[in-house]
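Biologist: I have not looked at this one before. Can you walk me through it?

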Amino acid sequence: GGGGISSTDGSAASPGVRGSDENTGISYASNVIRFSTDGVERAVINNTGLSSPGHILQVKQAVKSDTQQYTSTSFTDIVGLSVAIRASSSSSKMLITAHLYIASPASVSHATKINFVRGGTAIAQPADSSSSHAATMHQWVSGNKNFFPISMNYLDTQSLSTDEDTTYKLQVACNTAGSTFYVNRNQSGDDYHGISTLTVMEIAA
């Protein structure tokens, strides 16, 4: 419809519809219904649906089931692990979860560096981000025939646009030029395979 019920508009502290408790009830505004108890807004219904603080508003996931190799010491996109999501509210938070299978070169010590990236900006960085090996997470391996899972969660509290998609992705780099690293397969042979995922959940503020 075009608007709320004007005769019962109100606020969280003084709802338009209430019982004997004057600061608990329901308030109305244009295309919005607000529910409050003890003077605090607990839930909202608007044109995008129902939301309340801490609830999941939407979930997007990318699944990588193929393999990829990389040799660069510069951060490179992991193909297929990218999620575009449009925030329902600029106050929402985004919970990012990554699960990866990574294989490093055999027989010697090597590190894989992985970054969470929002748009073109690396996020979830260590305090000493000036370090030449700064990254969201690392996998350090010494030995032969390695193939290990690596996981990380991060709550992004950056205010996001509700008018366009925000893209989250994973990037990877190695610490030694010329070495070959793999995603979703074993280092010593193209036989043991796995999958990797990137999940983004919008959390109501």
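**Strands, sheet and core**

Modeller: β4 and strand β5 (residues 49-51) pair in the antiparallel sense over three bridges. Strands are DSSP runs (E, at least two residues), numbered from the N terminus, and two strands pair if DSSP finds at least two bridges between them. This is a predicted model, where local features need pLDDT of at least 70 and side-chain atom pairs count only at pLDDT 80 or more, while totals for chains, interfaces and linings use all residues. Residues are numbered from 1 along each chain as its sequence is written, and side-chain values use heavy atoms, with hydrogens and water left out.

Biologist: What joins β4 to β5?

Modeller: A hairpin does, through two residues. N46 has G49 in β5 as its bridge partner.

Biologist: And how many bridges join β3 to β4?

Modeller: Five, between β3 (residues 32-37) and β4 (residues 40-46), and the two run antiparallel. S36 is opposite E41 in β4, and R34 is opposite V44 in β4.

Biologist: Which residue takes a positive phi in the hairpin of β3 and β4?

Modeller: D38, with phi near 55 degrees; that hairpin has two residues between the strands.

Biologist: In what order do the strands of the open sheet come?

Modeller: The order is β1-β2-β3-β4-β5, five strands with antiparallel pairing. β1 (17-18) and β5 are the edge strands, each pairing on one side only.

Biologist: How many helices and strands does the chain have?

Modeller: Zero helices and 16 strands. A helix here would be a DSSP run of H or I with at least four residues.

Biologist: Change of topic. How many residues are in the largest nonpolar core?

Modeller: It has 27 residues, and L100, I114, F116, Y168 and L170 have the most contacts inside it. Such a core is a set of buried Ala, Val, Leu, Ile, Met, Phe, Trp, Tyr and Cys residues joined through side-chain atoms within 4.5 Å. Strands that each supply at least two of its residues include β8 (76-85), β10 (109-118) and β14 (166-174). The largest share, five residues, comes from β9.

Biologist: What does L170 touch?

Modeller: Leaving out residues up to four places away in sequence, its contacts (heavy atoms within 4.5 Å) include I78, L81, A98, L100, I114, F116 and L198.

Biologist: What percentage of the chain is buried?

Modeller: 39% of the 205 residues, with buried meaning under 20% relative accessible area (1.4 Å probe, protein chains only). Among contacts between residues at least 6 apart in sequence, 69% join residues at least 24 apart.

Definitions and conventions. Buried means under 20% relative accessible area, exposed over 50%, partly exposed in between (1.4 Å probe, protein chains only).
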